[in-house]
Structure formats: C-alpha cells, structure tokens
Amino acid sequence: MAEISAGLVKELRELTGLGMMECKKALAEAGGDLKKAEELLRIKSGAKASKAAGRIAAEGVIGAWLSPDAKVGALVELNCETDFVAKNEDFLAFARELAEAVGKTDPADVAALAGFEERRRALIQKIGENISIRRFARLEAKGRLALYLHGTRIGVLVDLEGPEDLGKDLAMHVAAFKPKYAARTDVPAEEIARERDIAAARAKESGKPPEIVAKMVEGAVNKAVNEMTLMGQPFVKDDKQTVEKVLAAKKAKLHAYRLLVVGEGIEKKTGDFAAEVMATAGAAR
C-alpha cells in the first residue's frame, strides 16, 4: 500500500475542498494517485449531491458584492436545508464568492458560473446537506449603488442619483417593507383590476349610495397600490412622507432596486420531524 503523505492529503483537500479523512481514504483507495483520488471524490460527491437534491433547501444566505466604485453590484441566494449550515464559514464564503463572480462576469444564468457547480457538489459532500444556487440579481448603476444586508437573509441594492446616505436609507426601507414594484406605472393592469374587483365587492356590502361606493373603491385601490409600490410607501425614517416625496425634497432620482429574501416562494415541508419521530417510535415497539 502506497504511503499517503500529509502533503498529498493537503493538496487533495485544496483541490476538492473536502475533509482530511475523506481525502486520505480516497488517496489510499487510489494507491496514492492524486488524479485518481480526485476523480473518486468527484464521483462520490456527485452521488451524494444527487441523493441530497430531492431534499428541500429553504434556509440559506444572501451573498453580496459591490464594486469599489459602487457602479456594479450583485446579490446571490444560496440555499441549504438548515439554519445551522447557513452559519458555516465555508458556506458563507461560497456565497460571497458567487456574488463576486456574478458581479464581475454578468452570467446569463446560474449554470453559466464556470467552476462553481463542481465546488457546490464538493461542498455538499463536505457538509452533508443539499445546497443550491437558487438565483441572483445584478445591477449596473446609472447613479451610485447602495448595498444593505439585513443579517444574512435579506439583501438589497439601490441605484440612486442623490445623497449617499439617502441611498442607504432607501435600501434599508426596501428590506423592511419589501415593495413588489417601484412605482404605480410598474404595477400590471390585471393586478390593479383584481384589487378593484376586491374593493368593489367589499364596498357593495356597505349598502351606501353608488357615488359613495365608487369613491370607496378608488380609495381602496389607491391604498393597495401605494402599499405595494416603493414610491407610494411611507418612508421608513419619516412615515408622514412617502418615498416619492422624500426623493423630490432631496432632488434625488431612483433608477432601480433589487431585493432578494432567503427562501421567498419556497414551499417548506411541515411535520417531517414529527413523522420521523413517530416512525422511529413505531420501529422501537
């Protein structure tokens, strides 16, 4: 049996990102051949990744990157199965590196991130949980970008022409209120129509005269649209003014924003843990 040196194990760890014992075992199986050992680990890593792929990964972090001149920024949602893994330093570093790669290369999609799929599989092998690169957002500024991270689960980029501190405040506002749209003109006509139908149905039940009902409907629609648009929302630092009025007072212009929230839209399984406990208890009888 070939002698496996510490240096060889270290080299394989650097190539694969996997644990020392796994690397040593693979080298022993490959007779000390570094390339064969790497292939063995990739095969095993791929198999483990395939088994994990069916498990829901709704936890995770938002990786973020901002260029030194604040002209380009990126956010990436990296998912895992548990919040414990979301605090793992290797996992966090991978999210940051993903965001930097998105910012610098402007890929068409996640699959176009060269080299990161192999690293993702290696991380699955190392950590033992399903890990997925779910989505990303990239923004090139017409003004200047402000980045705000609320912990590791919410990331915001804001492109603003105006005071730098206002950009940061707006990014914080977006994180807090999560507007679906920037302005009323961005809201799809069918969504406004749906709000109008709901408001009309409610107003009819009031028994008030038609002219009053019409005003009630318009008021309810305007309120709903304001709540879903950044410009119509009360500003986080002064709820007596809307964001639109604050921008006007500061002679500032919002060009765009991007918001990512970990797990948004992912349907989480419930009761899995209880089911496992029940199954274990049943087997023990």
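Colleague: Which exposed residues does the face of α2 turned away from its buried side carry?
Modeller: This is a predicted model, in which local features need pLDDT of at least 70 and side-chain atom pairs count only at pLDDT 80 or more, while totals for chains, interfaces and linings use all residues. Residues are numbered from 1 along each chain as its sequence is written, and side-chain values use heavy atoms, with hydrogens and water left out. Exposed means over 50% relative accessible area, buried under 20%, and partly exposed in between (1.4 Å probe, protein chains only), while helices (H or I, at least four residues) and strands (E, at least two) are DSSP runs numbered from the N terminus. On the face of α2 turned away from the buried side, the exposed residues are M21 and K25.

Colleague: Within what arc do the buried residues of α2 fall, seen down its axis?
Modeller: Helix α2 spans residues 20-29, and its buried residues are C23, A26 and L27. They line one face of the helix because, taking the directions from the helix axis to the C-beta atoms, they fall within an arc of 100°.

Colleague: How many disulfides does a search of the whole structure find?
Modeller: C23 counts as buried at 0% relative accessibility, and C80 counts as buried at 0% as well. A disulfide is a pair of cysteine sulfur atoms within 2.5 Å, and the number found by a search of the whole structure is zero.

Colleague: Which strands stand at the edges of the open sheet?
Modeller: The open sheet has three strands in the order β4-β5-β8 with antiparallel pairing, two strands being paired if DSSP finds at least two bridges between them. Two of these strands have a single partner each, so one side of each is left without a neighbour in the sheet, and these are β4 (144-150) and β8 (253-261).
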